[in-house]
Amino acid sequence: MGNRLSGPLDDPAQDAGYPGGHPPRMGFFTDTSVCIGCKACEVACKEWNSVPEDGIDLLGLSYDNTGELSANTWRHVAFVEQKVSAPAVDIGMPTIGAPKQTDDQSGDRDGVRWLMSSDVCKHCTHAACLDVCPTGSLFRTEFGTVVVQDDICNGCGYCVPACPYGVIGKREGDGRAWKCTLCYDRIGDGLQPACATACPTESIQYGPLDELRERADRRLEELHEKGVEQARLYGRDPDDGVGGDGAFFLLLDEPEVYGLPPDPVVTTRDLPAMWKRAAVAAASVAAGVAWAFLGRS
Amino acid sequence: MPGLGTSFGRGGATTFQQDLQNADCIVIQGSNMAECHPVGFQWVMEAKRRGAKIIHVDPRFTRTSAVADVHVPLRAGSDIVFLGALVNHVLQNELDFREYVVAYTNASAILRDDYADPEDLDGLFSGFDKDNRTYDHTTWAYEDAEAAAAAGDRQDHPGDDHPGDHGGEQHGETARSESYGSGGATMRAKPHHDPTLQHPRCVYQVLKRHFARYTPELVQDVCGVPPELFAEVADAVTRNSGRERTTAFCYAVGWTQHTVGAQYIRTASILQSLLGNIGRPGGGILALRGHASIQGSTDIPTLFNILPGYIPMPHAEKHLDLDRFVAEDSGKTGFWGNMRAYTVSLLKAYWGEHATATNDYCFDYLPRITGNHGTYDTVMRQIKGECKGYFVVGENPAVGSANAKMQRLGMANLDWLVVRDFQLIESATFWKDGPEIETGELTTEEIATEVFFLPAAAHTEKDGSFTNTQRLLQWHHKAVEPPGEARSELWFYYHLGKIIREKLAGSTDVRDRPLLDLAWDYGEEGPLAEPSADLVLAEINGSGPDGPLSSYTELKDDGSTSSGCWIYCGVRAEGVNQAARRKPGKEQTWVAPEWGWAWPANRRILYNRASADPDGNPWSERKRYVWWDAEEEKWTGADVPDFEPTKRPDYEPPVDARAQDGIGGAEPFIMQTDGRAWLFAPAGLADGPMPTHYEPFESPVDNALYGQRENPTREAYDRPDNRYNPAGSDVFPFVFTTYRLTEHHTAGGMSRTLPYLSELQPEFFCEVSPALAEQRGLEHMGWATIVSARTAIEARVLVTERMKPLRVRGRIIHQVGLPYHWGPNGLSTGDAANELLSVVLDPNVHIQEAKAATCDIRPGRRPRGPGLLTFMDDYRRRAGVPEEGP
Amino acid sequence: MGARQWFLGWPVVRQATGPDKLGRGAAVQSQRSAALTPRTSTADKVVKSVCPYCAVGCGQQVFVKDGEVTQIEGDPNSPISRGRLCPKGSASKQLVTSPSRISEVLYRRPHGTDWERLPLDKAMDMIADRVIKTRREVWQDTNDDGCTLRRTMGIASLGGATLDNEENYLMKKLYTALGAVQIENQARI
């Protein structure tokens, strides 16, 4: 199979040149239906990866004072407060009629639903950030994940607009691009990523992507059986615009509600100039890395 | 936790967190568990995954509500009505677990004929002394039980100069309440029983009459909860209780921090007892506590009214010597009947070879209490100039205690203050930058307090044990040396004691004998001369002639054994630190008995004898836990039986039996004198044998049930520095409640200085409903000023649908939410919500009413400098609150 | 590393000769990336601990390198927490290694306007003197009825719920011997 830039792809690591015995593709399944919005993932990530504090500002976005993923925020918990078919218009008056007997949609009789979801880099099957990186700093690991190599990144910033999710960013004062590494160092040693290790309710699950997809499918079925009709998987589908995500989600509403693009497309998919760009990239890798090697020796 | 202690015999959580996974229904009330105990909450989510129904009853829609199946918004301060209506629902519909109730509770006990109920006395129980606002408990006793006299004896010790408004007469009883941490209240005789529960004066019938007016309609009127929502909860908890199913309750300070707090827990205890949910897997009442070792600091207390193991501090008027000290309890049935052995062993641990039979084991070395010497009483003494020296260790009262200004005024009037912490918390810097400096009420140069700030060692820098919320001791090992001059509290107190003893070495003053005779040898290890925490634990565990003890049953009253805390005896069984056991959870049963060590005797579910029927067989296969093995002639099961291992289920105690011999084979509550769970508490509580609804001290409405509006025995201190909002005041029409967030810890000393936590909740805010925002002109992300008779604070505004106005007593009540983590120091800053709270206390445990009070809220920032004082003068004048004193 | 291997290690050569023709994976992995090891595996020791925040009692593992705490994370063996931590527990390393943590004794003299430094042993000695003095001056042998009090109401203490059992034990024991009874902790807040 040749190198692919869009569409379904069984084994991105193999596509990126890793030999047959490489580990299975690893990823995250974030089940937002059990997220309690504690933000342990945000802190555990920062502690492990020494990610700087990202501004001590009240944002007024419910309990979200992080705002978005960035160079200094690799996990971000979104809080969405929704008014849902409020049963009573008159404030404080008792609800008319019998209560709904379903166990779904927590708290909807309050007229309120509070959704929480921990967002992270999607580790796309077709990662535009990596495709446009001219230095070879962004690369696909043997686990199929996408990682910035901070010893190579020169801060060109091409990756930043390329990401269809707005995940990656440049760090002020440092200039380089940073994002979730899926704890490349930890998983290489058989550990879980820091966020998944900490998550109190197993909202963030880490594992071989195939297993996670099966688990997610079962969970979705279970929720649908319980009447949670709005539950859906996001980033699960290998046929989507990025060939499926290495980090995918179970959501309880439209993706836009959580600040996620409804139909992300790898920004490099339709570019006929792709190969040319790759050639340029390859050349700069050669030059850049040669420089690095020579500079070192 | 006298609510649990008087109900079941021990004050600790009756179950453990992992057991929540076995529940068929979980009611979380008075707790925001997902936010405040997120990792413990995994067991709630586990239960939910297995199909349990999760109910959250709370004034606010929180992160707990977000994942619960049902959220019940109710008005802060109305929980007894809600829980009482559940009790009534069970009784009226006879949904109680009758076999359990008859055998294991005091439902069948016959009460005296002169007991009178609040239903008869418009909100008062019989025996109320109006002048002193205390109860004589005589009429609450069982018929023909001498308990009446005993309970009466314990009341009415003349208090000393209690600065409150009712002279502190009641302290003899109230201080004892906390001592029910491990051992129920005194009863000298067992009651007469009517197992048919038909006798008009049996507890069951009295209970039924008492709660008869707690209807769904009352719930709607007082709590603001619609009847169908109440019905759903009532249906869930009753359908999920009985032989085959169990319901668990979780609570935290949302129940305790009220002027009727102990009775909130009592109401839940009654309900859970009626439903047969105590002592059984997936049942119980889980008290969720907020500090790493708050259970431990009650078991081995840094509290004024108890000694280690819930032995009371002796009272001056009453406990003239050891015999009289133990007399009240020695004759008792139940394990507390061995109190002399526990006390003598403690005195031996304190004073070693100096404690002998001839000198009453140095009983006379113990200082005496005479009244309420709790923290708020102490602060008033500091303001009076009577208390001159103060140690503040790992606590931050300048922003963390109710009426924070009072705390700072107290500290500003000391001779000396020692603060031990990691960071420069507000309690260390009040003399420099406290709010009173800004208003001009104090100036730095005039504050004479000498302040020592000593840096403290962190948990990674010392050996020691924490006791968690489920009574489990876990040892943490030292990883690194503390930085610079940081030291552990163990080091500080050991060396302080050593230096003081050296300085007094030649003293002939008798008052110095307790210091000089003190057993004070814990080794000195390493370059810092750190005392050995393991040696301290060994002293706590205790030893006898043959070395380390393994159980409190080995303790003797003849001076041959010593134990620094009898309920912890066994933590170093065989000389091995059992608290340091770390057998992986996956290599054990789900009970994990080899992880750490739980008091008492490593039991994880208390009263687990009740998981079997009176004959000793499991109530059901599904809820099998501990049972009688007839072949082996012993109790066995998943846990350490909370019962004498070979006492047969059919054991009938002889008439004159004492201590544990007086507990029958089918009486699971072995710390109670009658072996039963108390639906009606004939002794042990200051404010009534059964819970009854009183409004919070500051409430916008009257009491729907009685003329008696608030708890008649509450401890109030109406003085210029602690003015109260008048009840029903138009100037303070809103209810506010204080609480925690996941991202911070308590008063912020361990979180507001950390960038990773501060960025998650960067400043103080208040939460209001869109309706209140509109009514008062508050803007989302704008500023609000929140006012009480104490002072005014400012907060950023979050307008949210999660805050619900409720219709109560025919009017709309708005609630304001105030997380209380903040103060001026650190990275994440803001005014302290505790500035707004008054000091008004529960009479049982002297806890402040922090969860329900009244306020005003208005847009904009508060006045700064002296302007704040004129602003407050105006508010007080308008509200008719007496002016500040001269 | 020989010259040939060195040359073959060049990314562009790896890209040209290996299967990663686009230079997006194996070919561009830097030596540092290839050699990455988590600091959990290079720690000198792993110490078993317990989270210091709330009373859930989560197990912690403290990783130490060269006498410094390099990582604190959940202990998967704990049957209570199963390796998980909340944001506060996850911030424990920042708690114990915080640059704003105070590691020197500070002293504010009466009426003073700023902190001063004071050696620890000197501070201990001064505090002991003050305890002895206040205890002497504010002492009650008996009450008006002649009943024993044997106490000082001049000294009080607050705190204990964040401390170890062993520390609470020594505190209560020493205070009791001193006759200080106004001993309190967070149980009432």
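**Entry 1. Ground rules**

I am working with a predicted model, where local features need pLDDT of at least 70, side-chain atom pairs count only at pLDDT 80 or more, and totals for chains, interfaces and linings use all residues. Residues are numbered from 1 along each chain as its sequence is written, while chains are lettered from A and ligands numbered from 1 in the order in which they are written.

**Entry 2. The sheet of chain C**

I traced the strands around C:Lys65. Strand E2 (residues 59–65) of chain C runs antiparallel to E3(C), joined to it by 6 bridges. For naming I use DSSP runs numbered from the N terminus: helices are H or I with at least four residues, strands are E with at least two. Two strands count as paired if DSSP finds at least two bridges between them. The sheet is open, has 3 strands in the order E1-E2-E3 (chain C), and its pairing is antiparallel. Strand E1 (45–50) and strand E3 (68–74) of chain C are the edges, each pairing on one side only. Neighbouring strands are turned by 30° against each other on average, direction ignored. Axes here are lines fitted to C-alpha atoms, for helices over the stretch in contact, and angles run from 0 to 180 degrees between N-to-C directions.

I then checked the record for this part of the chain. UniProt, in an unreviewed entry, gives residues 44–100 of chain C as "domain: 4Fe-4S Mo/W bis-MGD-type". UniProt positions are in the numbering used here, with feature names shortened, and annotations may be inferred rather than shown by experiment. Over residues 44–100 of chain C I find 18% helix and 35% strand, with the end C-alpha atoms 26 Å apart.

**Entry 3. Chain B against chain C**

I listed the contact residues: 131 from chain B and 100 from chain C. A contact means that the C-beta atoms of two residues, placed from the backbone, lie within 7 Å. On the chain B side, helix H23 (residues 489–503) gives the most, with 10 residues. That side divides into 67 nonpolar, 47 polar and 17 charged residues. The classes are: Ala, Val, Leu, Ile, Met, Phe, Trp, Tyr, Cys and Pro nonpolar; Asp, Glu, Lys and Arg charged; the others, Gly among them, polar.

I also found pairing across the two chains. Strand E12 (residues 450–455) of chain B and strand E4 (residues 106–108) of chain C pair in the antiparallel sense over 3 bridges. B:Val451 has C:Arg108 as its bridge partner in E4(C).

**Entry 4. Within chain B**

Chain B has a mean pLDDT of 94, with 94% of its residues at 70 or more; pLDDT is the predictor's confidence in each residue, from 0 to 100. I noted one stretch, residues 147–175 of chain B, where pLDDT stays under 50 and the model has 84 contacts beyond four places in sequence. Where pLDDT is low, the predicted coordinates should not be read in detail.

The assignment divides chain B into domain 1 (2–287) and domain 2 (715–879). Their centres, over C-alpha atoms, are separated by 29 Å. Domain 1 of chain B puts 31 residues into the contact and domain 2 of chain B puts in 32. The domain 1 side divides into 11 nonpolar, 13 polar and 7 charged residues.

An unreviewed UniProt entry places "domain: Molybdopterin dinucleotide-binding" at residues 734–852 of chain B. I read 9% helix and 30% strand over residues 734–852 of chain B, and 10 Å between the end C-alpha atoms.

**Entry 5. Chain A**

I counted 38 residues of chain A in contact with 48 residues of chain B. H2(A) gives the most to the chain A side, with 5 residues.

Chain A also has an open sheet of 4 strands, in the order E8-E1-E10-E9, with mixed pairing. Its edge strands are strand E8 (204–208) and strand E9 (232–234) of chain A. Strand E1 (residues 26–31) of chain A runs antiparallel to E8(A), with 5 bridges. A:Phe29 stands opposite A:Gln205 in E8(A).

Key:
Domains from an automatic or database assignment.
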